[in-house]
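User: I've just opened this model and I'd like to get my bearings. Walk me through it, please, one question at a time.

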Amino acid sequence: MWVLIGCNAQNDSREHNDKSNSQSIVAIKEAAIKGQMKGMEVPLKSTYSKVVEVYGEPKEISNEECWTYSHDHPKTKANFYFNYDSCANGLNVLKPEAIVNKISVPVESLDIQMTAEDVKLALGKPNKEFWDEAYDGYYLIYELDQSQLVFFAKENTDPINISRVQVITS
């Protein structure tokens, strides 16, 4: 009889965690629909100067496939990508008026742990789902009206644990 009570309590706890995770994942999508990353003050289409005003000067500006991004801001773990083409205009340069077109955050900064299955249960089937060996990662992509919501996993494990969440201007 004690075993049954223990199992029921454990199942209730798991169901509560699943429901809480689903609600958190849906809240991430609702923010992305508005061009925002949940918990972030600066939305997509903000300027580099606004990012610096809110989160401080980044320790570094880097480039990824010609996308210029700032990272290691003192007040956030987010990476902010800008509409600056580093392949054409020079590396590691951002002007104050550069526009944010992608925000990428580690999943820990959202105070949630989630798997790819959790995401699909909360949001349904993604528009795209794939493992990309060239970029060494697993992607779940949801197309929204003005943006994309991307859930990324660095490791190909079972279950697939999401490590970053991104909102990108379409």
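**Pocket, strands and a helix**

User: Which residues lie nearest the centre of the largest pocket?

Analyst: The largest pocket is lined by 17 residues. On a 1 Å grid over the protein atoms alone, a pocket is an open set of points where a 1.4 Å probe fits, with protein on both sides within 12 Å along at least five of seven lines, and lining residues have an atom within 4 Å of a point. Of that lining, the ones nearest the centre are Glu64, Lys102, Tyr135, Tyr139 and Gln166.

User: Before we go on, what kind of model is this?

Analyst: Residues are numbered from 1 along each chain as its sequence is written, and side-chain values use heavy atoms, with hydrogens and water left out. Local features need pLDDT of at least 70 and side-chain atom pairs count only at pLDDT 80 or more, while totals for chains, interfaces and linings use all residues, as the model is predicted.

User: Which strands each supply at least two residues of the lining of that largest pocket?

Analyst: Strands here are DSSP runs of E, at least two residues long, and helices are runs of H or I, at least four, both numbered from the N terminus. The protein chain has eight strands. Those that each give the lining at least two residues are β4, β5, β6, β7 and β8.

User: How many of the lining residues are charged?

Analyst: Asp, Glu, Lys and Arg count as charged; Ala, Val, Leu, Ile, Met, Phe, Trp, Tyr, Cys and Pro are nonpolar, and the others, Gly among them, are polar. The lining has nine nonpolar and three polar residues, and the charged ones number five.

User: Why is β4 largely enclosed by the rest of the structure, and how many of its residues are buried?

Analyst: Buried means under 20% relative accessible area (1.4 Å probe, protein chains only). β4 is largely enclosed because its buried residues number seven of seven.

User: Which strand pairs with β4 over five bridges?

Analyst: Two strands pair if DSSP finds at least two bridges between them. β3 and β4 run antiparallel over four bridges, with Asn79 bridged to Ser104 of β4. On the other pairing, Val105 stands opposite Val165, and the five antiparallel bridges join β4 to β8.

Key:
Buried < 20%, exposed > 50% of the residue type's maximum accessible area, 1.4 Å probe, protein only.
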